[in-house]
Amino acid sequence: MMQSFFITSSGTHIGKTLVTAALCWQLRERGKKVMAMKPLITGYDTNDAQSDTALILQSCELPYTQAMVEAISPWRYAAPLAPNMAAAKEKKPQVELEELCSFCQGGGGDYTVVEGIGGVMSPINDRHTVLDWMEALSWPVILVAGSYLGSISHALTAWEALRARRIAVKAVVVSESASGDVPLPDTASTLEKFLLGKVPVVTIPRLAASGELWKQVPPMSFI
Ligand SMILES: Nc1ncnc2c1ncn2[C@@H]1O[C@H](COP(=O)(O)OP(=O)(O)OP(=O)(O)O)[C@@H](O)[C@H]1O
Ligand SMILES: [Mg+2]
């Protein structure tokens with residue numbers, strides 16, 4: 001049976017793509033067939049080899065071709081804005097929640113891994129946020145948090161928002177922030193205390209910024 005996961009985070013630029021790419025890599029190393037997607041992307045530049053779409057394809061050892069981009073990221077906007085604003089600025093149609101969900105549900109293989117966009121309540125159009133997207137899919141989500149000062153409040157706020165919609169959280173992944181102002185293990189153990197052992201809290205240390213970062217991520221044994 002196919003398993004599906006949705007990767008979300010407490011905010012933008014926290015580590016969703018790193019976690020998505022690491023999951024693809026690790027599952028494929030275990031011999032699993034993985035369909036990974038970043039269905040909705042803003043700030044997209046075809047020539048940027050580090051875009052979320054490009055990195056996800058790389059982690060699945062797929063070529064970076066126009067056809068592959070279409071296949072995993074059909075809704076692309078150039079403006080580095082929330083999708084509703086990017087669509088308005090570019091005079092393009094907004095993504096419809098139903099179409100987005102149908103696309104996500106169309107994956108095959110053993111695992112479907114979808115990277116969301118922004119944080120848990122980033123708007124995807126003028127009527128819906130990522131929370132509505134996750135609720136509609138009702139897949140288990142992986143919540144990615146940081147370890148910067150303030151990240152615990154952001155993570156717990158995201159957790160409460162998910163809980164209010166009865167969205168199941170498979171794991172919280174704390175990806176060490178660049179700031180390094182709060183120790184990673186302390187962030188994880190504090191989150192564990194407040195989450196009362198309801199979900200595994202795992203950590204990714206700050207990795208050396210060289211090449212294929214996802215290959216350095218410790219095994220994500222919760223999957
Ligand atoms: N543990 C880590 N070690 C090293 N670099 C990291 C780590 N976590 C995240 N990064 C880096 O921080 C940046 C943001 O991470 P990433 O792109 O995964 O975030 P995101 O949540 O997907 O962002 P977006 O909202 O733009 O999709 C990237 O350059 C990524 O390589
Ligand atoms: Mg990303």
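Student: In which helix is Met85 found?

Tutor: Met85 is found in helix α4, which covers residues 83–89; please keep in mind throughout that this is a predicted model.

Student: Why does Met85 count as partly exposed?

Tutor: Met85 has 15 C-beta neighbours inside 10 Å, and a residue is buried at 20 or more and exposed at 12 or fewer, so Met85 falls in between and counts as partly exposed. In space, Met85 is 9.8 Å from Thr42, C-alpha to C-alpha, although 43 residues separate the two in sequence.

Student: How do you know whether Glu61 is buried or exposed?

Tutor: Around Glu61 there are 9 other C-beta atoms within 10 Å, and because the limit for an exposed residue is 12 or fewer, Glu61 is exposed. This residue, Glu61, lies in the loop between α2 (52–59) and α3 (66–72).

Student: What makes the phi of Glu61 worth a remark?

Tutor: The phi of Glu61 is near 55 degrees, which is a positive value in a residue other than glycine. Most residues other than glycine have a negative phi.

Student: What is the phi of Arg166 near, and why is Arg166 called exposed?

Tutor: The phi of Arg166 is near 60 degrees, again a positive value in a residue other than glycine, and Arg166 lies in the loop between α7 and β7. Arg166 is called exposed because 8 other C-beta atoms lie within 10 Å, and 12 or fewer is the condition for that word.

Student: What makes strand β5 mostly covered?

Tutor: In strand β5, residues 111–115, five of its five residues are buried. Tyr111, Val113 and Glu115 point one way from the strand, while Thr112 and Val114 point the other way. In a regular strand the side chains alternate between the two faces of the sheet.

Student: How do you know that β1 and β2 pair with β5?

Tutor: Two strands pair if there are at least two bridges between them. Strand β1 (residues 3–9) is joined to β5 by five bridges, and strand β2 (residues 34–37) is joined to β5 by four, so both meet the condition. Each of these pairs runs parallel, with Phe6 standing opposite Val114 and Val34 opposite Tyr111.

Student: What makes β2 and β8 the edge strands?

Tutor: The open sheet has six strands in the order β2-β5-β1-β6-β7-β8, with parallel pairing, and β2 and β8 are the edge strands because each pairs on one side only. Strand β8 pairs with β7 (residues 169–175) over four bridges, and the bridge partner of Val172 is Val201 in β8. Helix α1 packs on this sheet, touching β1, β2, β5, β6 and β7, and its direction makes about 165 degrees with that of β5.

Student: How are α7 and α8 placed against each other?

Tutor: The axes of α7 (residues 151–164) and α8 (residues 184–195) come within 11 Å and cross at roughly 35 degrees, and the crossing is right-handed. By class, their contact has seven nonpolar, three polar and no charged residues.

Student: Which helix gives the most to the shell around ligand 1?

Tutor: Helix α1, residues 16–29, gives the most, with three residues. Of the 16 residues around ligand 1, Thr12, Gly15, Lys16, Thr17 and Leu18 come nearest, and the shell divides into five nonpolar, seven polar and four charged residues.

How values were computed:
Residues numbered from 1 in each chain as written. Chains lettered and ligands numbered in written order. Predicted model: local features only at pLDDT ≥ 70, side-chain atom pairs only at ≥ 80, totals over all residues. Helix = DSSP H or I, 4+ residues; strand = E, 2+ residues; numbered from the N terminus. Axes fitted to C-alpha atoms, helices over the stretch in contact; angles between N-to-C directions. Left-handed = near helix turned anticlockwise from the far one by under 90°. Nonpolar A, V, L, I, M, F, W, Y, C, P; charged D, E, K, R; others polar. Near = placed C-beta within 6 Å. Contact = placed C-beta atoms within 7 Å.
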